[in-house]
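Have a look at the model first.

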Amino acid sequence: MLIAGFPAGAWGTNCYLVAPAAGEECVIIDPGHQAAQGVEDAVRKHRLKPVAVVLTHGHIDHVASVVPVCGAHDVPAWIHPEDRYMMTEPEKALGLSVGQQLMGDLTVGEPDDVKELSDGAVLGLAGMEFSVAHAPGHTKGSVTFRMPEQADVPPVFFSGDLLFAGSIGRTDLPGGDHAEILKSLARVCLPLDDSTVVLSGHGPQTTIGRERATNPFLREVAAGLGDGVRAAPRRGM
């Protein structure tokens with residue numbers, strides 16, 4: 001399996017291109033702010049053919065390049081229905097003060113073809129399977145994508161802004177809910193095998209085993225004491 005990832009834009013949002021191998025079809029995950037050129041560079045370098053864009057949530061730092069990327073390759077974008085409005089009205093998800101600062105230099109909108117994600121769905125794209133889990137808390141429509149173990153490749157978990165190396169997503173923006181993100185961590189992350197590779201929306205890769213042992217939020221949730229840790233360091237939006 002080929003996974004080409006790079007941090008894009010002002011918030012260093014991780015964009016991923018996933019394919020069975022170089023020279024084959026691929027799926028693009030979270031083409032955010034200023035990600036379009038990086039996507040094209042990776043497509044050329046690895047001789048890929050994009051077939052879909054999938055989005056972990058609707059914040060502008062994860063979706064800002066959806067329209068140009070989908071348009072360039074004539075592919076659909078998949079997003080949870082509760083976050084779909086953010087593609088056309090991102091300021092509503094950021095709060096008035098933050099939204100006014102950002103919207104002046106960003107062009108937003110929906111691509112021509114938008115498909116909606118649902119909890120428990122399994123997407124068959126580019127010859128691969130992506131299991132979808134609804135994981136609200138960072139936003140109401142946050143989701144994760146899990147790929148099963150393949151040959152010598154451990155399971156891969158695209159966590160979006162649910163889980164980071166050493167932290168979790170912020171919950172202080174409209175639609176965020178600290179109690180809800182703790183429930184999502186317990187339901188979505190804790191059952192995963194320790195070998196699962198975590199590729200998050202911001203920061204370095206990690207594993208579920210490492211986070212289970214060291215991440216204060218995941219440790220508190222596992223101990224049934226999730227309310228004991230209240231504030232996450234902020235990353236992205």
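## The cavity

Lining the largest cavity are Asn 14, Tyr 16, Ile 29, Asp 30, Thr 56, Phe 158, Ser 159, Gly 160, Leu 199, Ser 200 and Gly 201. Strands E2 (13–19), E10 (156–160) and E13 (197–200) are the elements that each give two or more residues to that lining, with E10 holding the largest share at 3 residues. (Strands, E, are DSSP runs of at least two residues and helices, H or I, of at least four, numbered from the N terminus.)

By type, the lining splits into 4 nonpolar, 6 polar and 1 charged; here Ala, Val, Leu, Ile, Met, Phe, Trp, Tyr, Cys and Pro count as nonpolar, Asp, Glu, Lys and Arg as charged, and the others, Gly among them, as polar. The space inside is about 30 Å³, and the search turned up 1 cavity of 30 Å³ or more. A cavity is a set of points on a 1 Å grid over the protein atoms alone where a 1.4 Å probe fits but cannot get out, and lining residues have an atom within 4 Å of a point. Points are joined across faces, edges and corners, and volume is the space filled by probe spheres set on them.

## The open sheet

Six strands run in the order E1-E2-E3-E4-E5-E6 as an open sheet with mixed pairing (a pair needs at least two DSSP bridges). E1 (2–8) and E6 (114–116) are the edges. E5 (residues 77–79) pairs with E6 in the parallel sense over 3 bridges, and Ile 79 sits opposite Glu 116.

## Ground rules

This is a predicted model: local features need pLDDT of at least 70, side-chain atom pairs count only at pLDDT 80 or more, and totals for chains, interfaces and linings use all residues. Residues are numbered from 1 along each chain as its sequence is written, and side-chain values use heavy atoms, leaving out hydrogens and water.

Note on methods:
1 Å grid on protein atoms, 1.4 Å probe; cavity = no way out; pocket = protein on both sides within 12 Å on 5 of 7 lines; lining within 4 Å.
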